[in-house]
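Me: I would like to learn how to read the features of a structure one at a time, with the general idea stated before the particular case. Could we go through this one together?

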Amino acid sequence: MSVLRILGKASSINVRKVLWTCDEIGIRYEREDWGIGFASTKTPEFLAKNPRGLVPVIENEDGILWESNTICRYLAGKYGRTDLLPTDPWSRALVERWMDWQATELNTSWRYAFLALARRIPGYDDPALIAASAGDWNANMGILERHLSAAGLYVARGDFTLADIVIGLSVNRWLQTPIERPDLPAVSAYFDRLRQRPTYIGHGTNDIA
């Protein structure tokens with residue numbers, strides 16, 4: 001089996017989802033720096049792999065694949081890791097629900113505040129929009145707080161799954177971005193549990209949002 005090729009800079013949260021998944025499974029990979037500050041994702045070469053011009057992209061003997069959550073699901077399935085992504089339809093849906101929530105609701109809420117305060121992107125400087133984004137972000141983290149308070153140790157089931165990879169990195173982003181945050185003890189305890197996993201070191205506790 002060929003070594004997995006991962007295109008994308010390691011500071012990208014979506015690339016880190018794939019890297020953490022690979023480390024959980026024990027997949028050998030080679031990563032290449034693509035994205036802002038590195039090789040351009042707007043070249044014909046890259047756009048032929050991902051027409052959206054975004055990282056990550058993976059290549060292996062099966063072909064080329066993009067969209068980070070899809071890549072994580074593919075890798076878990078390819079290597080038979082039913083602990084990370086169950087085959088039972090209901091159990092799998094419980095995992096994918098939180099992965100989809102992260103990619104849509106949570107991702108959307110943080111975008112303006114994160115780009116303004118963490119990435120400092122020009123044009124993201126409206127105080128009202130920053131405050132609104134931070135408020136929406138905190139509200140979504142409140143949803144996670146209430147869920148974790150009832151669900152137990154991990155997001156989707158009693159054990160660690162792919163949902164914890166995407167949510168765990170999102171919790172790190174929330175903690176690393178300079179916004180006012182409410183006290184969420186269940187989220188804090190969850191983050192502390194994740195930090196005990198050797199595979200999380202370097203992906204979710206590296207001072208990169």
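Me: What radius of gyration would a compact globule with 209 residues have, and what does the protein have?

Reply: Before any value is read, note that this is a predicted model, in which local features need pLDDT of at least 70 and side-chain atom pairs count only at pLDDT 80 or more, while totals for chains, interfaces and linings use all residues. Residues are numbered from 1 along each chain as its sequence is written, and side-chain values use heavy atoms, with hydrogens and water left out. The radius of gyration is taken over C-alpha atoms, and the globule rule is 2.2 Å times the number of residues to the power 0.38. For 209 residues a compact globule would come out near 17 Å, and the protein has 17 Å, which agrees. Its C-alpha trace spans about 45 × 40 × 30 Å along the principal axes.

Me: How many helices and strands are there, and what pattern do they follow along the sequence?

Reply: Helices (H or I, at least four residues) and strands (E, at least two) are DSSP runs, numbered from the N terminus. Here there are seven helices and four strands, and reading along the sequence gives β-α-β-α-β-β-α-α-α-α-α. Contact means heavy atoms within 4.5 Å, and of the contacts with a separation of 6 or more, 64% are between residues 24 or more positions apart.

Me: Which residues touch the most other members of the largest nonpolar core?

Reply: In soluble globular proteins, nonpolar side chains tend to be buried together. A nonpolar core is a set of buried Ala, Val, Leu, Ile, Met, Phe, Trp, Tyr and Cys residues joined through side-chain atoms within 4.5 Å; buried means under 20% relative accessible area, exposed over 50%, and partly exposed in between, with a 1.4 Å probe and protein chains only. The largest core has 57 residues, of which Leu75, Trp137, Met141, Leu144, Leu162 and Ile167 touch the most other members. Among the elements that give it two or more residues are strand S1 (4-7), helix H1 (13-25), strand S3 (57-60) and helix H4 (89-117), and H4 supplies the largest share, nine residues. Leucine 162, leaving aside its neighbours within four places in sequence, is in contact with Thr21, Cys72, Arg73, Ala76, Leu84, Leu85, Val95 and Met99.

Me: Which elements cover the buried residues of H3?

Reply: The buried residues of H3 are Ser68, Asn69, Ile71, Cys72, Arg73, Leu75 and Ala76. What covers them includes S1, H1, S3, strand S4 (63-66), H4 and H6.

Me: At what angle do the axes of H5 and H7 cross?

Reply: Axes are lines fitted to C-alpha atoms, for helices over the stretch in contact, and angles run from 0 to 180 degrees between N-to-C directions. The axes of H5 and H7 cross at roughly 75° and come within 8 Å. Angles under 35 degrees count as roughly parallel, over 145 as roughly antiparallel, 65 to 115 as roughly perpendicular and the rest as oblique, and H5 and H7 are therefore roughly perpendicular to each other. H5 contributes Met141, Leu144, Glu145, Leu148 and Ser149 to the contact, and H7 contributes Pro185, Ala186, Val187 and Tyr190.

Me: Is tryptophan 110 buried or exposed?

Reply: Tryptophan 110, found in helix H4, counts as buried at 3% relative accessibility. Beyond its neighbours within four places in sequence, tryptophan 110 is in contact with Ile13, Gln102, Ser133, Trp137, Ser170 and Arg173. Serine 133, in helix H5, is likewise buried, with a relative accessible area of 6%.
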